[in-house]
Amino acid sequence: MDLVYRPGRYPYLTQDLPGVGGTIRLLPQDFQVEEVPAYLPSGEGEHLYFLLEKEGLTTRQVVEFLRDEVGVPEKEIGVAGLKDKRAQTRQWFSIPRRYEDRLCLLENLRGVRLLDANLHTNKLRTGHLKGNRFRILIRNAQDAEKARAILKTLEAKGIPNYYGPQRFGLGGQNPVKGYELVKKGKGRGNPWLKRFLIGSLQSLLFNDWVALRMERGLYDRVIPGDWAKKHATGGEFLVEREEEAERALRLEISATGPLFGKKYPEAQGEARALEDEILARYDLKREEFRARRGARRPIRIPLTEWTLEETPEGLWLTFFLPKGSYATSLLREVMKVEVDAPEEEEALGEG
């Protein structure tokens, strides 16, 4: 029973197309991430939204500075998602308006730049974003035509929505710890950490489900009993008719996989049997995940707004991904190299 996350265990969608190799993240500015908010501050209200550009800092480090140096209680600090340390990132934060005059203390935090600030009526909360826009340099990769062929395939078929290495901890060991928690019960310890570790196990099972569907020729298909997601609206529905298959081939809808928990739409029939196959692989049962809420996650995500530029340094790739998805899932297809694990997640899906 292998519960250690290893990227190499998961198939490429474009395995018949050679990759460009190369390396990423040599410098922070090689990996640029801009948060695309679900809404902009309205200009009125009791919460101050501000946009920060940062390098060499995790989102958590900024939150800790706001708590310890600005004096904002941690529970009153809002963020929509987490961003990497080894990158140049732009993301929104929120604090209560009454701390507005103390925001100038950010000048003491090295590696950040305040870009914008305005008022809004509610606190910024996890998931309040459309997604992230990326601009990434793949150094020492010069064959733009290889990259373009892969990107066109991903544009037509979608990007496999694997969880990236950020989700699984040092050495990919977090699912092992999550498995122990699921099998032995809650026990003592930090509740947030326990949720995170069980979430890591959920993520491993989801990745295995994606790989299984790819191996069975069901990546870009839906079958009766699937819960499918409409990419245009985000709505989910139970697949009951064979006619839905055409919509899947057009990338209008995609099958969704389980993040097992106590409250999520359960697949039926043949689709459920595929999920049971993954659970049986690790001697797990659905009811053992009752400590988590549960959710469904699409097997693939559309690739949009992409561009490719060849420079002396390498290939600059820009693209947009919806929230909860990982740039590493795209980069591994283009490079055919397993990219390294950043120190914090780019975007957290709710499990």
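Me: Before we look at Phe289, what counts as a helix or a strand here, and where does Phe289 lie?
Reply: Helices (H or I, at least four residues) and strands (E, at least two) are DSSP runs, numbered from the N terminus. Keep in mind that this is a predicted model. With those labels, Phe289 sits in the loop between helix H6 (269-281) and strand S11 (295-298).

Me: Is Phe289 buried or exposed?
Reply: Buried means under 20% relative accessible area. Phe289 has a relative accessible area of 1%, so it goes down as buried.

Me: How far apart in space are Phe289 and Lys183, C-alpha to C-alpha?
Reply: In sequence, 106 residues separate Phe289 and Lys183. In space, C-alpha to C-alpha, the separation is 9.4 Å.

Me: Which residues of helix H3 are buried, and why do they line one face?
Reply: Helix H3 covers residues 174-184, and its buried residues are Asn174, Pro175, Gly178, Tyr179, Leu181 and Val182. Looking down the axis of H3, these fall within an arc of 165 degrees, so they line one face of the helix. One of the elements covering them is helix H4 (191-215). Val182 is also among the contacts of Phe289, leaving aside neighbours within four places in sequence.

Me: Where does UniProt place the feature "active site", and which side chain makes a polar contact with that of Asp84?
Reply: The unreviewed UniProt entry puts it at Asp84. Asp84 is in the loop between strand S3 (78-79) and strand S4 (88-96), and its 1% relative accessibility means it counts as buried. Its side chain has a polar contact of 3.0 Å with the side chain of Arg25.

Technical notes. Residues numbered from 1 in each chain as written. Predicted model: local features only at pLDDT ≥ 70, side-chain atom pairs only at ≥ 80, totals over all residues. Heavy atoms only, no water. UniProt positions renumbered as here; feature names shortened; annotations may be inferred. Buried < 20%, exposed > 50% of the residue type's maximum accessible area, 1.4 Å probe, protein only. Polar contact = N/O pair within 3.5 Å; in protein donor to acceptor, adjacent residues only side chain to side chain. Contact = heavy atoms within 4.5 Å. Arc of directions from axis to C-beta.
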